[in-house]
Amino acid sequence: MNTIGLSLIMRMGCLCTKEVITINSQKFYVVESLGEGGFSVVLLVENTRTRKRYAVKKIVCHSVEDQKLAMEEIAYHKQFDHPNIIKCLDSCYEGTPDPVVNSTSEVLLLLPYYAKGTLAGELERRQSRRQHLETTEVLRIFLQVCEAVRAFHEAEPTPLAHRDLKTANILLDVDNSPVIMDLGSVAPAGVKVAGGSEAQQLQDLASERCSMPYRAPELFHVESYCMIDQRTDIWSLGCVLYAMCYYKSPFDAVYERGDSVALAVISANVTFPEITPYPEEMHQLISLMLKVNPMERPYIYTVIEKTQDLLTKYRATA
């Protein structure tokens, strides 16, 4: 066999061994893994016919309850048509979860692929170059994130909270427009907790689905009788804005050292660098959102208004 023939067979063999994912009538080659969480994996895929690239979120369900939560995630995607919230282009599921016979099901979500990656990745690259985002760019991106959060908080018939806002869950489009992803943690914003059992249940859910360095204080230790509302997201937005200025959440260093994030969050001892390219008003906006008592935190409307005012001011002086 000549070299050309062998080369062709080798290439064909490589194509044949590629994993293929089918979502309804569409087939996709798996290119690589983009990320993995506790409940799912996100894959970069390529349409076998058009060669266009997408992301596929694959959720493995070990129980009927797992599958119900995955289907709720799809329903939440369908509820929104917002430029700063990721769209679910298609979805399907296969199999039946049954712990008795150790069977699982897979829920697949077809999502747009954003080649620039996440805000967290962009901030890591900037940190390595010691290159801060401009004040106006921070405010522009943050304002769009807030507009997406407002869409969750104004959802009908039930207002929703994202509950896992963080830089790793914000994608960047080619023009640096932010797109919130991962709706697996989305839940009704208002939760009335009546009793220790309900409090523990919510606390356990938060520990599974809300990242520690961005998690609101009231979700670390849920009181037996309380009301949790959408201002859990406002705390997370404060951490996001801090990270946009200084690369990481104010509680990331605590987490990385292995110290108690819960203790650091509840004490809310947030400090800002003495040498900074950002104005004092930016620090004031962050501090406004990072109030330990959720009743002292603003709603999203106030955050948007103050962000718009700052953006207008610093665009005028740029």
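**Reading a predicted protein model**

Q: Which residues does arginine 231 touch, not counting residues up to four places away in sequence?

A: A contact means heavy atoms within 4.5 Å. Leaving aside residues up to four places away in sequence, arginine 231 touches Glu218, Pro294, Met295, Arg297, Pro298 and Tyr299. This is a predicted model, numbered from 1 along each chain as its sequence is written, in which local features need pLDDT of at least 70 and side-chain atom pairs count only at pLDDT 80 or more, while totals for chains, interfaces and linings use all residues. Side-chain values use heavy atoms, with hydrogens and water left out.

Q: Where is arginine 231 found, and is arginine 231 buried or exposed?

A: Helices (H or I, at least four residues) and strands (E, at least two) are DSSP runs numbered from the N terminus. Arginine 231 belongs to helix α7. A residue is buried under 20% relative accessible area, exposed over 50% and partly exposed in between, using a 1.4 Å probe and protein chains only. Arginine 231 counts as buried because its relative accessibility is 6%.

Q: With which side chain does the side chain of arginine 231 make a polar contact?

A: A polar contact is a pair of N or O atoms within 3.5 Å; within protein, one must be able to donate a hydrogen and the other to accept it, and residues adjacent in sequence count only if both atoms are side-chain atoms. The partner here is the side chain of tyrosine 299, at 3.1 Å.

Q: What surrounds threonine 167?

A: Threonine 167 lies in the loop between β7 and β8 (170-172) and is buried, because its relative accessibility is 6%. Its side chain makes a polar contact with the side chain of tyrosine 214 at 3.3 Å. Beyond four places in sequence, the residues that threonine 167 touches include Leu123, Val240 and Ala243.

Q: Which residues line the second largest pocket?

A: Rolling a probe the size of a water molecule over the atoms shows where empty space is left. On a 1 Å grid over the protein atoms alone, where a 1.4 Å probe fits, a pocket is an open set of points with protein on both sides within 12 Å along at least five of seven lines, and lining residues have an atom within 4 Å of a point. The lining of the second largest pocket includes Pro217, Glu218, Cys226, Met227 and Ile228. β12 gives the most to this lining, with 3 residues. About 240 Å³ of space lies in this pocket; grid points are joined across faces, edges and corners, and the volume is the space filled by probe spheres set on the points.

Q: Which backbone angles deserve attention in arginine 130 and tyrosine 247?

A: Most residues other than glycine have a negative phi, and most peptide bonds are trans. Arginine 130 has a positive phi of about 55 degrees, and tyrosine 247 has a positive phi of about 80 degrees. Arginine 130, in the loop between α3 (119-129) and α4, is exposed because its relative accessibility is 76%. Tyrosine 247, in the loop between α7 (231-246) and α8 (252-257), is buried because its relative accessibility is 14%. The peptide bond from glutamate 156 to proline 157 is cis, with omega near 0 degrees.

Q: Where does pLDDT stay under 50?

A: pLDDT is the predictor's confidence in each residue, from 0 to 100. The protein chain averages 91, and 93% of the residues score at least 70. Over residues 8-15, however, pLDDT stays under 50.
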